Amino acid sequence: MDREEILQKSRQENADEGFKHAEDTGRKIGFLAFAVVFILIVLFNLFHGKDNYAPFAMFWAFTAAEAYPKYKFTQNKAYLITAVCGAIASLASLLSFVLSFLR
């Protein structure tokens, strides 16, 4: 492949590395913000005797959603196990959340 073919192929991809870097940085900051808010809500609920089913349902759903694409890309079984267990834990927490209102 000569230089011109490589440049042409790169232009066709329409991938801007700066934009991808900005997305990745935003995703990391978003995860950090999610984790901080999650911890604050869990601690607040613990101190006030409230259930933590809803925040844990969101946490486990997020964990599963993060792990699955990593599994698809790497075929690493640890990611698949994390995705499946996270999905099950999320559904169990969500079910517990709903059932807590029916008591």
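Ala, Val, Leu, Ile, Met, Phe, Trp, Tyr, Cys and Pro count as nonpolar, Asp, Glu, Lys and Arg as charged, and the others, Gly among them, as polar. The model is predicted, so local features need pLDDT of at least 70 and side-chain atom pairs pLDDT 80 or more, while totals for chains, interfaces and linings use all residues. Residues are numbered from 1 along each chain as its sequence is written, and side-chain values use heavy atoms, with hydrogens and water left out.

**Exercise 1.** Work out which residues line the largest pocket, and sort the lining by class.

*Solution.* 
- A pocket here is an open set of points on a 1 Å grid over the protein atoms alone, where a 1.4 Å probe fits, with protein on both sides within 12 Å along at least five of seven lines; lining residues have an atom within 4 Å of a point.
- Helices are DSSP runs (H or I, at least four residues), numbered from the N terminus.
- Sorted by class, the lining comes to five nonpolar, one polar and five charged residues.

**Exercise 2.** Find how H2 and H3 are oriented to each other, and what kinds of residue make up their contact.

*Solution.* 
- Their axes come within 10 Å and cross at roughly 155 degrees. Axes are lines fitted to C-alpha atoms over the stretch in contact, with angles from 0 to 180 degrees between N-to-C directions.
- Angles over 145 degrees count as roughly antiparallel, so H2 and H3 are roughly antiparallel.
- Contact means heavy atoms within 4.5 Å; on the H2 side, Phe-31, Phe-34 and Phe-38 are among the residues that meet H3.
- The contact divides into 10 nonpolar, one polar and two charged residues.

Technical notes. Helices (H or I, at least four residues) and strands (E, at least two) are DSSP runs, numbered from the N terminus. Angles under 35 degrees count as roughly parallel, over 145 as roughly antiparallel, 65 to 115 as roughly perpendicular and the rest as oblique.
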